[in-house]
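Here are a few exercises for getting to know a new structure. Take a look at it, then work through them one at a time.

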Amino acid sequence: MTDTTTAKHSTTASKGSNTIADGVVEKVAGIAAREVHGVHDLGGGAARAIGAIRNAINAQDRGQGVKVEVGERQVAADITVVAEYPVDLQKLADEIRASVGDAITTVVGMEVAEINVTVSDVHIPSDDEGDDAAESRVA
């Protein structure tokens, strides 16, 4: 049976093995994705709602919106994002793929098999105004 909760990576020059938990790989990918200009948040609606609760109690989940499959030498990642409007969504997905790939290769030290990016929503800055804008229109 294969252990899917940890990434094992060993080099020929070393005696022993290195074990990196999948959650660590998710966190590295999440941090890298958030650094890309045009990313508003990570995760779908339910994940963002739970993330808001975590943020309120100062327990942010940096791996939110990221799922990884870790093999012995390769990592595959699925990233779900909310984009800022008006950003070029195709370019944003490409930049996220590049940033996450570089982070996994550099920080985790594993080869990237694939990175799938899903844009689940677009954040419009006027959405932050909420009900105040609607109330100001009523005399």
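Which residues in helix 1 meet which residues in helix 3?

Before you start: this is a predicted model, where local features need pLDDT of at least 70, side-chain atom pairs count only at pLDDT 80 or more, and totals for chains, interfaces and linings use all residues. Residues are numbered from 1 along each chain as its sequence is written, and side-chain values use heavy atoms, with hydrogens and water left out.

**Exercise 1. Work out the contact of helix 1 with helix 3.**

Step 1. Val25, Val28, Ala29, Ala32 and Ala33 come from helix 1, and they meet Ile96, Ser99, Val100, Ala103, Ile104, Val107 and Val108 of helix 3 (contact means heavy atoms within 4.5 Å; helices are DSSP runs of H or I, at least four residues, and strands are runs of E, at least two, numbered from the N terminus).

Step 2. Sort these residues and you get 11 nonpolar, one polar and no charged (Ala, Val, Leu, Ile, Met, Phe, Trp, Tyr, Cys and Pro count as nonpolar, Asp, Glu, Lys and Arg as charged, and the others, Gly among them, as polar).

Step 3. Helix 1 (residues 22-34) packs on helix 3 at about 140 degrees, with the axes 8 Å apart (axes are lines fitted to C-alpha atoms, for helices over the stretch in contact, and angles run from 0 to 180 degrees between N-to-C directions). So helix 1 and helix 3 are oblique to each other (under 35 degrees is roughly parallel, over 145 roughly antiparallel, 65 to 115 roughly perpendicular, the rest oblique).

**Exercise 2. Find the partners of strand 5 and their senses.**

Step 1. Strand 3 (residues 39-42) pairs with strand 5 (residues 74-84) in the antiparallel sense over three bridges (a pair needs at least two bridges found by DSSP). Here Val39 stands opposite Ala83.

Step 2. Strand 4 (residues 66-70) is antiparallel to strand 5 too, over five bridges, and a hairpin of three residues joins strand 4 to strand 5.

Step 3. Strand 6 (residues 111-123) pairs with strand 5 in the parallel sense over 11 bridges. Gln74 stands opposite Glu111, and Glu84 opposite His123.

**Exercise 3. Locate the cis peptide bond.**

Step 1. The bond joins Tyr85 and Pro86, with omega about 0 degrees.

Step 2. Pro86 sits in the loop between strand 5 and helix 3.
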